[in-house]
Amino acid sequence: MADTEIDQKKTTQNPGATGAAPQKKKRTRTLTTPHQAAVLHALLAQSRFPTTAMREEVGRAIGLSARKVQIWFQVCPNIMSVYKHDH
């Protein structure tokens with residue numbers, strides 16, 4: 001095989017190598033307002049594992065999706081436990 005044939009195969013096998021492929025957008029972090037955090041902490045005090053209906057209801061009330069509320073419940077207690085051990 002000639003060098004030009006090898007170069008042609010490389011460029012046809014990986015068309016995104018030239019940078020023409022669009023970049024994925026970076027996801028933004030959801031920041032909670034003090035009011036949202038207070039409502040979420042109140043729900044956490046009520047139940048460590050809220051049901052889907054509870055997450056949807058609270059999410060509608062504070063302007064977050066049920067998925068964001070679920071993620072908050074997965075992350076927040078872990079963060080709070082770290083602070084308890086540090087201070």
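Is A37 buried or exposed? Select A37 and see: A37 is buried, with a relative accessible area of 18%. Here buried means under 20% relative accessible area, exposed means over 50%, and partly exposed is in between, using a 1.4 Å probe and protein chains only.

Some ground rules before moving on. This is a predicted model, so local features need pLDDT of at least 70 and side-chain atom pairs count only at pLDDT 80 or more, while totals for chains, interfaces and linings use all residues. Residues are numbered from 1 along each chain as its sequence is written, and side-chain values use heavy atoms, with hydrogens and water left out.

Stay on A37, which sits in helix 2.

Zoom out and colour by secondary structure. Helices (H or I, at least four residues) and strands (E, at least two) are DSSP runs, numbered from the N terminus. Of the 87 residues, 20% are buried.

Next, pick R55 in helix 3 (residues 52-62). R55 is buried yet has no salt bridge, meaning a side-chain nitrogen of Lys or Arg within 4 Å of a carboxyl oxygen of Asp or Glu. The nearest side chain of opposite charge, E56, is 7.0 Å away; Lys and Arg count as positive and Asp and Glu as negative, with His and the chain ends not counted. Show the neighbours of R55 too: leaving aside residues up to four places away in sequence, R55 touches P50, A66, V69 and Q70. Contact here is heavy atoms within 4.5 Å.

Switch to a surface view and select I71, V75 and I79. Together they form a nonpolar patch with about 220 Å² of accessible area, computed by the Shrake-Rupley method with a 1.4 Å probe, where for residues only the protein chains shown count as cover. Patch members have over 30% relative accessible area and no salt bridge; like charges are joined within 9 Å, and nonpolar side chains (Val, Leu, Ile, Met, Phe, Trp, Tyr) within 5 Å. V75, in helix 4 (residues 66-86), is partly exposed at 40% relative accessible area.

Last stop: K24, R27, R67 and K68, which gather in a surface patch of positive charge. The place of a charge is NZ of Lys, CZ of Arg, CG of Asp or CD of Glu. Click R27, in the loop between helix 1 (3-13) and helix 2 (34-46): R27 is exposed, with a relative accessible area of 81%.
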